[in-house]
Amino acid sequence: MPRKTRPVAIVGVGQTRHSSHREDVNQPELVHEAVRLAIDDAGLSLSDIDAVVTGNMEMFEGTHQPDMWQVLGNGAWGKPCLRVSTGGTTGSTVFCAADQLVASGLHDVVLAIGFEKQQEGHTTGGITAMADPLWARHLQTGALTGMAALEVIDEFGLDRARRAAMRYRVIMDQHAAKNPNAHRRFNLSFDMIDDLMQKSPPLVGELRLIHMCSQSDGAGAMIFAAGDRVASLNRRPPVWVQDHVTVHREETLALAGVATYDAQGRLETTTQRRAAEILLARNNIDKPVEEIDVFEMYDPSAWWGLSWIRDFLLLEGDEHLQMVERGDIGIEGRFPINPSGGVTATNPIGATALLRPLEAALQIRGDAGTHQVPRPIRKALASGFGGTLWTVLMLLSKDQPNN
Amino acid sequence: MPPKKLSDELVHREHMARFPQRWSTGPVMGKFLQALRDEKRILANVCPRCGRSQVPPREVCAVCRVEAMQFEEVGPAGTLRSFDVVFYASPDPVTGQSREVPYATAYVELDGSKGGATFWHELHETDMSKLRRGLRVRAVFEEDGKRTGAITDIKYFEIIEGGT
Amino acid sequence: MPPRVAICAVAQTKYVRDRWQDRVQGMCWEVVQQVVRATGIDLAGDDIGAVVSNSDDFFDCRTISDSAITDVVGAHFKCEEKVAQDGAQAVYYGYANVASGSSDVVLVVGHSKESQVGDRNLITHAAFDPFYTRPVGLDYLAAAALQAEAFLRRFGITDADLARLVSQQRGKAARNPLANERNPLSPEAAAVSPMLADPLREAYVYPSSDGAVAMILASEDRARQLTDKPVWITGLGSSIDSFFLGDRDLSESVSLRQAAERAYRMANIPDASAAFDVCELSDPYAHQLPLWAWQLGLTDDPKRWIAGDLSRFNPSGGSLSGTPQVVSGLARTAEAVLQLRNEAGDRQIPSAKRALAHGTTGPAGQQHCVVVLET
Amino acid sequence: MATKSDAFVVEGTFALPYNYFAGRVGSTWLVALRDERKIYGVRHPKTGKVVVPPRQVDERDFTDLTGDWVEVGPEGRVTGFTIIRYREPYQPLPLPYGLALIQLDGADTSLAHVVRGEDLNRLAVGLRVRAVFARERKASILDISHFEPV
């Protein structure tokens, strides 16, 4: 079992409607919308918040130490306010930090915030700036890569790979259509797959525009409370933070698709698979597909989403492709993935990895509305992605874990 | 009269952020870049514990967490392990200006490197029908007198025709 | 009860104006190696539960600045999380990570190279909002000058008072081999150094600085295995004030008072004035040492305080002697730990048992973090 | 073997394009500077406090502040100041110039802005100053080109 000094529950969530353009608000005003919704959702007032954790990627908006300006809207005035930032994983790191601030006994009620206003900068240029200036900055194109596609194609053949990726994308879009907060909703259907494979503009290699995540303006907020405070805050059922695992890796992206070896000479794995191995073993989950009810995955592209099903669920061979081909990952399927529509639909980057556990919490509460999975949800998995192929994997539960 | 309602006109301001930079190479990257400039050689550093190569060389072996200060020459030829052909134009943070497309990048396992790590560089071929993993490629250096001790002292990698 | 958390080892690079011969990776690796050696932990094994890094994308001019250092902090296929504020906040979060039960051992590593951009005002200018405060030319230096004017005016502190203070602090830095600016400076010379923004002269502002800091935090059981001189984190407090300078009374700091009150409550300190054997405060601008000391409850009369015995305040020379803004609170914490371990060399305060370390982020000390440390 | 002597420094640039949005509240204020040459504050409905620059909510109690705009200034009183003597590319005036916190008549908080005048030595707390509007205005805070002593 994961160790924890005291249990922590999610008692409130809020998010903006996500959009390609929010010229009507500045950065603190955008954040404020999500914060206000989360506090209202928890049935709390601002004075009940003991501390704030916030995060974004400042090069997207070009604001140094943005937590300073954010005070105008984020509710942190007069409170401890921690800012963590780890690239795409930022929202998940915010989640982990808020959980630990509560579990440590330092604070009883912590507000966690992720936001991004992609419209204010250039998303791909901002990501490219992560590359080392001496040997990689001139080469990188943000998070756009066709390498994940190349992997799937080489393993399963061009036609099956392309169809599976597009099928994955259509399922995500069908989910997004059910989510009023989702940014991109195209009303795609399976009969459009052939057309999309031909006509969607290519970005990088086999990665086409339709496969790639959106660039959104949006914010998300979650409120974490100590277990012994939950009884007095029971406006909505609590969702328990059962566990989380963070796995980063070194700065080169060049390992993608290429075998390297660890110090013991073992074939190296992916951060997705490593995080899943640790988290699932620690929580005695042998068969994730059967024991976990829903998965909100940070899927930056349809190709990555497709591949990572195998890693996160510790599958082998083509089981992940079969899951997509059979429709298992649909909202009414055997193992729903991203009933919210996921990241290909909605991607305010500093919020994205927080929106995953936020949506998972809504599913456990039964509060996801039109994109609620139509069966009881007791355990939910959520993931964050960022940096040089980094992973944060989070496990949420309807039942209080006995750690 | 004070405004009774909020503005319908939404003000915006465009801005090019620009910061001068002084990037240190450090001894390890410095040695690598100088070897490109002065000798047209590609140096990897080698982990004293696991024997893995890293190219470009970095201060430590990420896996073994030990300093890796020994070097050996790798390349200039190698095997294409993965590649990207980029059609989407985006700003280069080195200039702020948009890049010209298409361009291609390659992950090359350089001859002589150990442990499977690949070297990332530009690839002089954007016709995807000509690209597949396993192709033999080689580094093409900038001519004498034009090399500055930068990664771009290798102009690009090109496919070795008839290579296997 | 949460587990007690100790700092088991600290390491700092020498702070310099231009560490041109190393990448940030080289600086980090230098300090990581030192704390690994001091504690005997296995960087490649499972000893370290999490790395809390501390750096800033703007100062590094690199999106995800921590992705540059994953390898040198030993985080390849491990947990690493970056605190993107002053380094004292990284101590705060490192404490939470251990006290929450998540990790037995946390490695904290901060780095910043202000020489990379050359002119750090270009960076701090970007912290101001694009419509109200950037166009009028604000940066952290200008904000500090507005604060200095308000504080000096309130207490009748003079340019000569500040010059004497700066000279005295420079004398302390001369005894600290890690300090950036160590050359002696007479009060007379300080008082004629060029005026940058009244009342702040060049000598009253910290020099551009490069450096890295590392420390090992551990739960009580592990701490006893890793060191025979654990330094316990007994108090933590943090708070943030308003953003617009005109919303604040710059002659004081409500957020520092709040942070201090929280830290003192946690550490059971009813009266701070005589509670600490040594205090390390983040004072990148000279007037901030008396201002912070006052708001921390270390004195109720900052003008008289300046003229008194300041030996236990910033014996390292403080941030004014040159620690990078981003890691300043981490550096102050490291110095306080060295004092409590009786390892501070020529700058040692005899038999120090309890120390205060402080960090600040933002324009004119908008945000503060206070750390209480005990043997 | 790499040694310190292998290290060198590469000069370069970091540059990225941005496009900032003032939002509806900020735009209201900026458009009034441009079109009316008037400075507004927003009044807190419970405390009556008038703040400048405007903002959507009170940061301490989340009360909406966008409903009651009141004209402030164009004169006011210096509540704090410095004289800028170091050069940066983003500064709005030639050196030296005053940077002041100015409590505009009718406002309860101060606005940071630049002060220009023949004699910067006159700059002091309590000095009465007045906003000077730019001839060419672009919905920017620099539509007030500067403040000058009354």
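This briefing covers selected features of chains A, B, C and D, taken one topic at a time. The structure is a predicted model. For chain B the mean pLDDT is 93, and 99% of the residues in chain B reach 70 or more. Chain D and chain B bury about 3,400 Å² between them.

**Contact between chains D and B**

- The contact draws 38 residues from chain D and 41 residues from chain B.
- Of the roughly 3,400 Å² that chain D and chain B bury between them, 59% is on carbon and sulfur atoms.
- Met1(D), Phe8(D) and Arg24(D) supply 19% of the area that chain D buries against chain B, more than any other three residues.

**An open sheet in chain B**

- Chain B has an open sheet of three strands, with the order β3-β2-β6 and antiparallel pairing.
- The edges of this sheet are β3 (53-54) and β6 (70-74) of chain B, each of which pairs on one side only.
- Strand β2 of chain B, residues 42-46, is joined to β3(B) by two bridges in the antiparallel sense.
- Asn45(B) has Gln54(B) in β3(B) as its bridge partner.
- Helix α1 of chain B, residues 26-39, lies across β2 and β6 of chain B, and α1 runs at about 155° to β2(B).
- Among the elements of chain B, the lowest mean pLDDT, 92, belongs to β3(B), and the highest, 98, belongs to strand β10 (residues 136-141) of chain B.

**Strand β1 of chain A**

- Strand β1 of chain A spans residues 8-15; eight of its eight residues are buried, so β1(A) is largely enclosed by the rest of the structure.
- Seven bridges in the antiparallel sense link β1(A) to strand β7 (residues 217-226) of chain A.
- Within β7(A), Ile223(A) is the residue opposite Gly12(A).
- β1(A) also pairs with strand β8 (residues 239-247) of chain A, in the antiparallel sense and over two bridges.
- Within β8(A), Val239(A) is the residue opposite Ile10(A).

**Ser200 of chain A**

- Ser200(A) sits in the loop between α8 (193-199) and β5 (202-204) of chain A.
- The relative accessibility of Ser200(A) is 6%, so Ser200(A) counts as buried, the cut-off being under 20%.
- Leaving out residues up to four places away in sequence, Ser200(A) touches Asp195(A), Arg208(A), Leu209(A) and Ile210(A).

**Helix α9 of chain C**

- Helix α9 of chain C covers residues 254-266, and at 1.5 Å a residue its 13 residues should span 18 Å.
- The buried residues in α9(C) are Ser255(C), Leu256(C), Gln258(C), Ala259(C), Ala260(C), Ala263(C) and Tyr264(C).
- An α-helix has 3.6 residues a turn, so residues three or four places apart point the same way.
- The cover over the buried residues of α9(C) includes β8 (231-240), α10 (288-295), β10 (354-361) and β11 (367-374) of chain C.
- Asn268(C) follows α9(C) and has a positive phi, near 55°.

**Leu65 of chain D**

- Leu65(D) is located in the loop between β3 (50-51) and β4 (69-72) of chain D.
- With a relative accessible area of 3%, Leu65(D) is buried.
- Leu65(D) and Val42(D) are 23 residues apart along the chain, and their C-alpha atoms are separated by 6.0 Å.
- Not counting residues up to four places away in sequence, the residues that Leu65(D) touches include Val42(D), Arg43(D), His44(D), Pro45(D) and Val51(D).
- Arg55(D), Gln56(D), Val57(D) and Asp58(D) are also among the residues that Leu65(D) touches.

Technical notes: Residues are numbered from 1 along each chain as its sequence is written. Chains are lettered from A and ligands numbered from 1 in the order in which they are written. This is a predicted model: local features need pLDDT of at least 70, side-chain atom pairs count only at pLDDT 80 or more; totals for chains, interfaces and linings use all residues. Side-chain values use heavy atoms; hydrogens and water are left out. Two strands pair if DSSP finds at least two bridges between them. Helices (H or I, at least four residues) and strands (E, at least two) are DSSP runs, numbered from the N terminus. Contact means heavy atoms within 4.5 Å. Axes are lines fitted to C-alpha atoms, for helices over the stretch in contact, and angles run from 0 to 180 degrees between N-to-C directions. Buried means under 20% relative accessible area, exposed over 50%, partly exposed in between (1.4 Å probe, protein chains only). The expected span of a helix is 1.5 Å times one less than its number of residues. pLDDT is the predictor's confidence in each residue, from 0 to 100. Buried area is the accessible area (1.4 Å probe) that two parts lose on being put together, summed over both.
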